[in-house]
Amino acid sequence: MNTRELAEKFREEIVALRRELHQVPEFDLDLPKSQQLILDALDGLPLEITLGKELSSVTAVLRGGRGQPSTTRPVVLLRGDMDALPVTERVDVPFKSRHDGMMHACGHDLHVAGLVGAAKVLCALKDELPGDVVFMFQPGEETSGGAPIMIREGVLDAAGRRADAAYGLHVGASSQPLGMWSSKPGSFMAAADQLHVRVIGEGTHGSTPFRGKDPIPVLCEIVTALQTMITRQFDVFDPVVLTVGRIAGGTKENIIPDDAFIDATVRTFSEVARAKVQTSSIQLVESLAAAHGLRVEAEYQVGYPVTVNDASEYAFARGVIEDLFGADRFRERPNPRCGAEDMSYVLNEVPGVYLNLSACASDDPDAAADNHSPLANFDDSVLPDGAALLAELAVRRLNRA
């Protein structure tokens, strides 16, 4: 049996697993129920399993049965993230979340079930594999960044040597027809950083502003100046997105406060633009405050790096998709996505590719609720395709090495 036939054989099991996971969404790094469901699903398979120390991760290694063990045998890593979001589910399904205020609103339950499916398929093909496969079940993608923790704990070398290639996929609830694959070579998803600014003034009565130092108009000027900075200091073909999502200051209309605050997200698609915006934004807010005789406390927090698809691995993965499912099932994205992913840490260390698969449950993808929405609805009929592709990528990449 080939990978698609085997994946179809496991359809009922992995769909059932996805729906179990969907009912017990967990947040951040500590996911004991999800971890146990994964362990139960992998039980009985010929896998070497290691649990995370700092997080509820599961690392499973499959030793291929073809050829003798050696330090030169190829290794492929397949990754699926596990965590949910603090969102109250508004989708009326029989397997709705049982954890109040928590929901698998980004489809990570499908990622886990698909990776389990790939493990089952590859275990069935174990004797034909000339190398080893590492299955990376990762918490904390939405929050703390579980990938760098797992890397620190040795996931990339779990087979006894560094993985030669890494692959992962992310499902979507909108924008593309059900079953459509997409990706692009090079920068595929943005780096995501944060800018935090506190403008420090001197409070006084609102009727006598000259007796104090009002931080609010300075803060407003900073917000608009940051947008001008983006349009005038950065190349439009190496874009930067800076959005001020929070602005706060004061307690009453006739009181000038001592300080005021903004928090912004900054998205970039190259390390050059990322380094420049970090320096330029801090310089701008400090200079503007000083021009008005005020001070600032400004912090630029570096978050997830740019997710970069290796050009050769992208071409390989695209060819596998088109061979398995047909050329009409793949679309190359013309532009990167502004969302961020901690799969980026893996791809910084190991060449590989990150792919999107539409699990849109609506006949009108453009009108469907997007990932992270309480109305996000994922069609788990795509699970065998996801499992088959991950398995096929591993099989072909091990045989190519």
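The largest cavity in this predicted model has a volume of about 60 Å³. Here a cavity is a set of points on a 1 Å grid over the protein atoms alone where a 1.4 Å probe fits but cannot get out, and its volume is the space filled by probe spheres set on points joined across faces, edges and corners. Local features need pLDDT of at least 70 and side-chain atom pairs pLDDT 80 or more, while totals for chains, interfaces and linings use all residues. Residues are numbered from 1 along each chain as its sequence is written, and side-chain values use heavy atoms, with hydrogens and water left out.

**Cavities**
- The structure holds two cavities of 30 Å³ or more.
- Lining residues have an atom within 4 Å of a point, and for the largest cavity they include Leu 110, His 111, Val 171 and Leu 390.
- Helix H4 (108–124), strand S5 (165–172) and helix H10 (383–400) each give at least two residues to that lining; helices (H or I, at least four residues) and strands (E, at least two) are DSSP runs numbered from the N terminus.

**A strand pair**
- Strands S1 (47–51) and S2 (58–63) pair antiparallel over five bridges; pairing takes at least two DSSP bridges.
- Six residues separate S1 and S2 in a hairpin, and Ile 49 stands opposite Ala 60 in S2.

Note on methods
1 Å grid on protein atoms, 1.4 Å probe; cavity = no way out; pocket = protein on both sides within 12 Å on 5 of 7 lines; lining within 4 Å.
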